[in-house]
Amino acid sequence: MTTAFTQQTTIGQQQARPQLPTLPTGWPIGSYESYEQAQRAVDHLAGTDFPVTDVTIVGVEPMLVERVAGKMTWGKVLGSAATSGALFGLFLGLMLSLLNPGAGLVPIVIGLVAGLGFNLLFGALGYAANRNKRGFVSQSQLVARRYDVLSQPRNAEKGRALLADLAARSAFGH
């Protein structure tokens, strides 16, 4: 694979990793259905003293997967805001009490109440402003349909042979 527009820096005789986003280079030496399998293949290569600095794992056909965790409600919004506000306020109150030891518990209580109040207010305002736009909580994850392991051409044949050996041993349960 050629890389006409990659920007790479050189350190001595060794080529450093690209500083800007670039397309991957190398020849495919293995293809896997999951990132875990690709990672296991690279771990195998590393265990055989293969130069793993020549290896790249490439996620092919990436997709963004958003898994819905639940419905957003006033109770969840206010509970979350109260918890984070109280913890932040408690932290600030403790810091203030360390700076002024003679003040007693007053800075801690003020920090706790202020953190709780402000976070509840801003959490409620934020939820009220966006309530009709998004009524659920979710987590996003970037995944790929398959993961290819690439190696620089100088070591590609050796890498293919090592990964073929791994696949054969895995097929026989060793």
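1. In which loop is the place of Asp49? Asp49 sits in the loop between H1 and strand E4, the latter covering 55-71. As this is a predicted model, the backbone at this residue may be worth a look, since phi of Asp49 is near 65°, a positive value in a residue other than glycine. With a relative accessible area of 68%, Asp49 is exposed, because the cut-off for that class is over 50%.

2. A second residue with a positive phi is Glu61, where the angle is about 60° although Glu61 is not a glycine. Glu61 belongs to strand E4, and its relative accessible area of 45% makes Glu61 partly exposed.

3. On the overall layout, the protein chain contains four helices and five strands, and their order along the sequence is β-β-β-α-β-α-α-β-α. The protein chain has 174 residues, of which 24% count as buried, and its accessible surface comes to about 12300 Å², with 62% of that belonging to carbon and sulfur atoms. Among the contacts in the protein chain with a separation of 6 or more, 79% are made by residues 24 or more positions apart.

4. Turning to the helix pairs, two packed helices are described by the angle between their axes and the distance between the axes. For helix H1 (residues 35-47) and helix H4 (residues 153-171), the angle is about 115° and the axes are 10 Å apart. H1 and H4 are therefore roughly perpendicular to each other, a class that runs from 65 to 115 degrees, and H1 passes H4 in a right-handed crossing. From H1, the residues Ala41, His44 and Leu45 take part, and they meet Gly159, Leu162, Leu163, Leu166 and Arg169 in H4. By class, the residues of this contact of H1 with H4 are five nonpolar, two polar and one charged.

5. The other pair to consider is helix H2 (residues 74-99) with helix H3 (residues 106-130), which pack at an angle of about 150° with their axes 6 Å apart. That angle makes H2 roughly antiparallel to H3, because angles over 145 degrees fall in that class. H2 passes H3 in a right-handed crossing, and the contact of H2 with H3 has 17 nonpolar and nine polar residues, with no charged residues.

6. Which residues does Trp74 contact, leaving aside its neighbours within four places in sequence? Trp74, which lies in helix H2, is in contact with Ala124, Tyr127, Ala128 and Arg131. The C-alpha atoms of Trp74 and Ala124 are separated by 7.9 Å, although these two residues are 50 residues apart along the chain. Trp74 counts as partly exposed, at 33% relative accessibility.

7. Is Ala38 buried or exposed? Ala38 is found in helix H1 and, at 0% relative accessibility, counts as buried. Neighbours within four places in sequence aside, Ala38 is in contact with Tyr32, Ile57, Tyr147 and Val149. For Ala38 and Val149, which are 111 residues apart along the chain, the C-alpha atoms are separated by 6.6 Å.

8. Asn155 lies in helix H4, and its relative accessibility of 17% means that Asn155 counts as buried, because the cut-off for that class is under 20%. Once its neighbours within four places in sequence are left aside, the contacts of Asn155 are with Phe50, Pro51 and Asp54.

9. At 67% relative accessibility, Leu23 counts as exposed. Leu23 and Val58 are 35 residues apart along the chain, and their C-alpha atoms are separated by 9.6 Å.

Terms used:
Residues are numbered from 1 along each chain as its sequence is written. This is a predicted model: local features need pLDDT of at least 70, side-chain atom pairs count only at pLDDT 80 or more; totals for chains, interfaces and linings use all residues. Side-chain values use heavy atoms; hydrogens and water are left out. Axes are lines fitted to C-alpha atoms, for helices over the stretch in contact, and angles run from 0 to 180 degrees between N-to-C directions. Helices (H or I, at least four residues) and strands (E, at least two) are DSSP runs, numbered from the N terminus. Angles under 35 degrees count as roughly parallel, over 145 as roughly antiparallel, 65 to 115 as roughly perpendicular and the rest as oblique. A crossing is left-handed if the near helix is turned anticlockwise from the far one by less than a right angle, and right-handed if clockwise. Contact means heavy atoms within 4.5 Å. Ala, Val, Leu, Ile, Met, Phe, Trp, Tyr, Cys and Pro count as nonpolar, Asp, Glu, Lys and Arg as charged, and the others, Gly among them, as polar. Buried means under 20% relative accessible area, exposed over 50%, partly exposed in between (1.4 Å probe, protein chains only). Accessible areas come from the Shrake-Rupley method with a 1.4 Å probe; for residues, only the protein chains shown count as cover.
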